[in-house]
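Welcome, and please load the model in your viewer. We will go from one selection to the next, with a short note on what is there.

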Amino acid sequence: MRGVTGRLMLLDTASLYFRAYFGVPESVKAPDGTPVNAVRGLLDFVDRLVKDHRPGHLVACMDADWRPAWRVELIPSYKAHRVAEEHGSGPDEEEVPDTLSPQVPVIESVLDAVGIARVGVAGYEADDVIGTFTARAEGPVDIVTGDRDLYQLVDDARGVRVLYPLKGVGTLQTTDEAVLREKYGVGGSGYADLALLRGDPSDGLPGVPGIGEKTAARLLAEFGDLAGIMAAADDPGSKLTPSQRKRLDEARPYLAVAPKVVRVAADVPLPDVDTSLPRTPRDPAAVRELAARWGLGGSLQRLLDTLGAS
C-alpha cells in the first residue's frame with residue numbers, strides 16, 4: 001500500500017458482480033449478443049459509489065481462491081455445496097451461472113484498463129485481502145460487500161464500516177457498530193464468534209446445534225467472547241443451562257477450528273499496488289476497444305467522467 005491517505009474503499013468484487021448479474025436483466029447484451037449485464041451493472045455501481053462516498057483510494061478485491069485448502073482442511077464442509085468441479089492441483093471450480101462466467105474476464109479487463117487497482121492473492125479469498133488492507137489502513141475504510149461475514153471488520157474507533165446492498169446494488173445500508181448491536185446484539189469484534197456459533201448453511205458451517213443467533217448473542221453478552229463461553233462450559237458453577245453446556249461440550253472439535261475458518265486473515269502478502277483513485281484511464285486504447293466490443297457505452301463513460309471529476 002503506497003501513500004494511502006484519506007478514505008479507502010474496498011470492493012468485494014465477486015459479491016458485487018453476482019448482485020449486478022441478478023439485478024440487471026440479461027437482455028443487456030454486447031453487439032454480438034453476449035450478455036454483459038454483470039459488467040454494466042458493476043460499472044454503474046462503482047460509478048455511484050465513487051459519486052456518493054468520494055473515496056481517495058479504491059481497490060477491487062478478488063477471489064484468487066474462493067475455497068482455500070487450508071480452510072477446507074479444518075472444516076471439510078466449507079462451501080462444499082458450491083463446488084462445480086474439484087481440482088487436485090489448484091482451486092476448485094465454483095458453481096456459477098453459465099452466462100456470468102464469460103463476463104468475469106471482461107470485468108477484470110475493464111478494471112485494469114481504467115486503472116482501478118485489482119488485487120487477488122493465491123490461496124486466499126477476497127475477504128482475506130479486504131481484511132489485510134483494512135488492518136494496514138491508517139485512515140477510514142469503507143468495505144462494500146453483500147457478504148455479512150465482513151461485519152467482523154466493523155470498527156467505529158478506526159472508522160471502518162460496511163456498505164451493504166439491501167436491494168440489488170441501488171440501496172446501501174451503512175453498517176457501523178450501532179447497526180450491528182441493534183440487529184445482532186454484538187459489535188464488530190464479536191460478530192465472528194456469533195457467526196461461528198450460529199453457523200452458516202450458505203458457507204457450509206454447521207455451527208453449534210441448538211444455539212441459534214439470539215442464544216449466541218446472549219452468551220456473548222454474558223461471557224464476552226468464545227473463550228469466555230468455553231471457560232463457562234468448563235466451570236460447573238457458571239450460569240449455562242445443562243443443555244447449553246452439553247451442546248458446547250459436544251461441539252468442541254468444531255469450535256477448536258472454526259475461529260480460523262470464520263475470521264478473515266489479516267496477514268495476506270499483498271502486492272505493492274497503487275490504490276489511488278484513477279483520474280484518467282491507465283490504458284485509453286484498451287478502454288475504447290473494450291467499450292466498442294462489449295457495448296459498454298454509457299456505463300463505462302459515466303464511470304470515467306466521475307473519476308475524472310473526483
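Select strand 1 (residues 8–12) and strand 6 together: they pair in parallel through 4 bridges. Pairing here takes at least two DSSP bridges between two strands, and strands (E, at least two residues) and helices (H or I, at least four) are DSSP runs, numbered from the N terminus. Leu 11 has Val 144 of strand 6 as its bridge partner.

This is a predicted model, in which local features need pLDDT of at least 70, side-chain atom pairs count only at pLDDT 80 or more, and totals for chains, interfaces and linings use all residues. Residues are numbered from 1 along each chain as its sequence is written, and side-chain values use heavy atoms, leaving out hydrogens and water.

Look for Val 141 opposite Val 160.

Now color strand 6 (residues 141–144) by side: Val 141 and Ile 143 on one face, Asp 142 and Val 144 on the other, are all buried. Buried means under 20% relative accessible area, with a 1.4 Å probe and protein chains only.

Move on to helix 7 (residues 188–198), which is largely enclosed by the rest of the structure because 10 of its 11 residues are buried. Its cover includes helix 6 (177–184) and helix 8 (213–223). Just past the helix, Gly 199 has a positive phi of about 85°.

Finish at Leu 197, whose contacts (heavy atoms within 4.5 Å) include Ile 211, Leu 220, Leu 248 and Leu 255, leaving aside residues up to four places away in sequence.

Methods:
Buried < 20%, exposed > 50% of the residue type's maximum accessible area, 1.4 Å probe, protein only.
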